[in-house]
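Student: I'd like to learn how to read pockets in a model. Can we go through it together?

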Amino acid sequence: MRFVIVTGMSGAGKSTAAKMLEDLGFFYVDNLPPALIPKFAEICSNPGSEIDKVVVGIDTRGGKLFSDLFDGLEALKSKGFNYEILFLDASDDVLIKRFKETRRKHPLIDSERINVGIEKEREILKEVKEKSDYIIDTSNILTRQLKEELYHIFVEEKPFESLMITVLSFGFKYGIPNDSDLVFDVRFIPNPYYIPDMRHKTGNDKEVQEYVMHWEESQIFLSKMEDLVEFLIPNYIKEGKNQLVISIGCTGGKHRSVTLANALYETLKKKGHRTIINHRDIDKDNKLGK
């Protein structure tokens, strides 16, 4: 029987992930007291039971009960049941934004600011995060992309790489993304904006891609950027980093940055890295050029 514990930061998408696993055929129970986990596993594994995949949602709403989680998991293991821990995380800025948008109150605070609750929760969850089998940072991924991640892990059973890479194109005139880990400036490449037939197209269009990559400096830059990122990835993973945001910028975020971001994304995907693409400014006003 496959037994999965889903936990993580409030607002990071635990319930969403658990329900997605339910859609994939898992029997889902939310916030089961940890002391009952071994008994629940026994019931599910009884002869005649048709339950062979279980997901249990556990979070800090349980208060003192949550602190008993490892005792419950140790008892589970002593009874011969293996388990996996899926941890959902997100950056503090994203969590704060989500709480404000939904007007929800953080479960660990009364009248304090949201960031106080987040800080408390991170401390409580520190140990369980360290012992998790899978850590998914949802800061920059869409619901569809989260579903794909879970499908790869729990259905296709592909090897899991802890680092989620976001390749992000942007326009400098709209500001550098504040969650960037690496920032590359491609404004040195000739600008398709000044070609009338290309002005209203984007780096997703073949004509623009061919123009941008026609230049030798573009090809050299892409090769060097790929080499640098490939060097950094295993070192980031070794240091326990779960989220890497690679931002590639031009003037307006529509032509050159989109083309290079797409090229890097395709390379990283082919090499098996967990990678998503996001063109932040591709649809914004382009009056000042790309």
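Student: Which helix gives the most to the lining of the second largest pocket?

Tutor: A pocket here is an open set of points on a 1 Å grid over the protein atoms alone, where a 1.4 Å probe fits, with protein on both sides within 12 Å along at least five of seven lines; lining residues have an atom within 4 Å of a point. Helices (H or I, at least four residues) and strands (E, at least two) are DSSP runs, numbered from the N terminus. In this case α7 leads, with 6 residues. This is a predicted model, where local features need pLDDT of at least 70, side-chain atom pairs count only at pLDDT 80 or more, and totals for chains, interfaces and linings use all residues. Residues are numbered from 1 along each chain as its sequence is written, and side-chain values use heavy atoms, leaving out hydrogens and water.

Student: What lies nearest the centre of that second pocket?

Tutor: Its lining has 19 residues, with E149, H152, K269, H273 and R274 nearest the centre. Besides α7, both α10 (256-270) and β9 supply at least two lining residues.

Student: And how many residues line the largest pocket?

Tutor: That one has 43, and V94, R98, T138, S139 and N140 lie nearest its centre. Helix α5 provides the largest share of this lining, 6 residues.

Student: Where is T60, and is it buried or exposed?

Tutor: Buried means under 20% relative accessible area, exposed over 50%, partly exposed in between (1.4 Å probe, protein chains only). T60 sits in the loop between β3 (53-57) and α3 (64-67), and its 5% makes T60 buried.
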